[in-house]
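Visitor: I would like to go through the helix contacts and the annotated regions of this chain. Can we begin once the structure is on display?

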Amino acid sequence: MTAAATTPKGERRRAELIDAAASLLAEGGFDAVRHRAVAERAGLPLASTTYYFDSLEELVTAAVEHHANQELETGRHRLDELATRNRGVEATVDLVLDMLLGPLRPDREADAEAVLLRYERLVGTGRRPYLRPLMRTLSAQLYELLHEIFARSGTPVDAAELERLVALVDGAVVNALIEVDPEPRAAAARMLQAALA
C-alpha cells in the first residue's frame, strides 16, 4: 500500500477500488477483476489501481477478503435474528446455505448461476497460491460461524460432523451442477434437512 492510501482521500479511493473489485469478483469470477474493469466500476482513473495496489494479486486478495467479510457480517446479523426468532430446522438450513452458497437470489436461474460462479471461484483459489493464507483464515472464521449457527439452533455439532455436513452440501451442489439441475440450492437443502432430521 502506498503512503497516499493512508490519507482520508486515499483510504476512500482504495476502499472504492476494493468494493468495485469485490463486486466484479462476485459477478464474474477472477477473470473479471482487471485493472481497467475495476477502475471503470469505481469511476476512478485507470492509474489509480496501480497507485493504490502494488499488484493485481494484492487487489484480488483485498477483494476476496472484503467480499468474504461482508458475507460473514451478514451471517452474524442473521444469526442474531435466528437466535431470537425461528430456530427450526428450515431456518437453520436456510442460514447455513446462505453462508456456504451465498445469499439466495429471487430468480431461480440467477441463483443457480451465482452458485456456479461461487464454486468456480472457490475452486479457482487453488490455482492462486497467494490466496491460500487468506482462505485458511476465512475458512476458519466461516466454520466458527457455522458452529455457532448450529449451536444456537439447538443442534450443536462437533468439528467432524460440521466437516461432514459441509461436504454433504458441497457434494449435492456439485452433483446438481454436473446434472445441470436448475436448483442446486434446493438439492443441497434437501440433503442437509435429511441429515439434520
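Visitor: Which residues of α1 and α2 meet, and how do they divide by class?
Guide: In this predicted model, the α1 side of the contact consists of E16, L17, A20, A21, S23, L24 and E27. Facing them in α2 are A37, V38, A39, R41 and A42. By class, the residues of this contact are eight nonpolar, one polar and three charged.

Visitor: How are α1 and α2 oriented to each other?
Guide: Helix α1 spans residues 8-28 and helix α2 residues 35-42, and their axes come within 8 Å. The axes cross at roughly 115°, and the crossing is right-handed. Angles of 65 to 115 degrees count as roughly perpendicular. The two helices α1 and α2 are therefore roughly perpendicular.

Visitor: What share of the span that UniProt lists as "DNA-binding region" is helix?
Guide: The unreviewed UniProt entry gives residues 34-53 for this feature. The C-alpha atoms at the ends of residues 34-53 are 12 Å apart.

Visitor: How far apart are the ends of the span annotated "domain: HTH tetR-type"?
Guide: According to the unreviewed UniProt entry, this annotation covers residues 11-71. Over residues 11-71 the chain is 79% helix and 0% strand. The end C-alpha atoms of residues 11-71 are separated by 22 Å.

Visitor: Which residue forms a salt bridge with D80, and where is the partner?
Guide: The whole structure holds 12 salt bridges. In one that includes D80, the closest N and O atoms are 3.2 Å apart. D80 belongs to helix α4 (residues 56-84), and the pair links distant parts of the chain, 72 residues apart. The partner, in helix α7 (residues 132-152), is R152.

Visitor: How many charged residues are in the contact of α8 with α9?
Guide: The axes of helix α8 (residues 159-178) and helix α9 (residues 184-196) come within 8 Å and cross at roughly 145°, in a right-handed crossing. From α8 the contact takes R164, L165, L168, V169, A172, V173, A176 and L177, and from α9 P184, A187, A188, M191, L192, A195 and L196. The contact of α8 with α9 has 14 nonpolar residues, no polar ones, and a charged count of one.

Visitor: What is the orientation of α5 to α9?
Guide: The axes of α5 (residues 89-101) and α9 come within 10 Å and cross at roughly 130°. The crossing of α5 and α9 is right-handed. Given that angle, α5 and α9 are therefore oblique.

Visitor: Which residues make the contact of α5 with α9, and what is its division by class?
Guide: On α5 the residues are V89, E90, V93, V96, L97, D98 and L101. On α9 they are R185, A188, A189, L192, Q193 and L196. The division is nine nonpolar, one polar and three charged.

Conventions. Residues are numbered from 1 along each chain as its sequence is written. This is a predicted model: local features need pLDDT of at least 70, side-chain atom pairs count only at pLDDT 80 or more; totals for chains, interfaces and linings use all residues. Side-chain values use heavy atoms; hydrogens and water are left out. Axes are lines fitted to C-alpha atoms, for helices over the stretch in contact, and angles run from 0 to 180 degrees between N-to-C directions. Helices (H or I, at least four residues) and strands (E, at least two) are DSSP runs, numbered from the N terminus. Angles under 35 degrees count as roughly parallel, over 145 as roughly antiparallel, 65 to 115 as roughly perpendicular and the rest as oblique. A crossing is left-handed if the near helix is turned anticlockwise from the far one by less than a right angle, and right-handed if clockwise. Contact means heavy atoms within 4.5 Å. Ala, Val, Leu, Ile, Met, Phe, Trp, Tyr, Cys and Pro count as nonpolar, Asp, Glu, Lys and Arg as charged, and the others, Gly among them, as polar. UniProt positions are given in the numbering used here, feature names are shortened, and annotations may be inferred rather than shown by experiment. A salt bridge is a side-chain nitrogen of Lys or Arg within 4 Å of a carboxyl oxygen of Asp or Glu.
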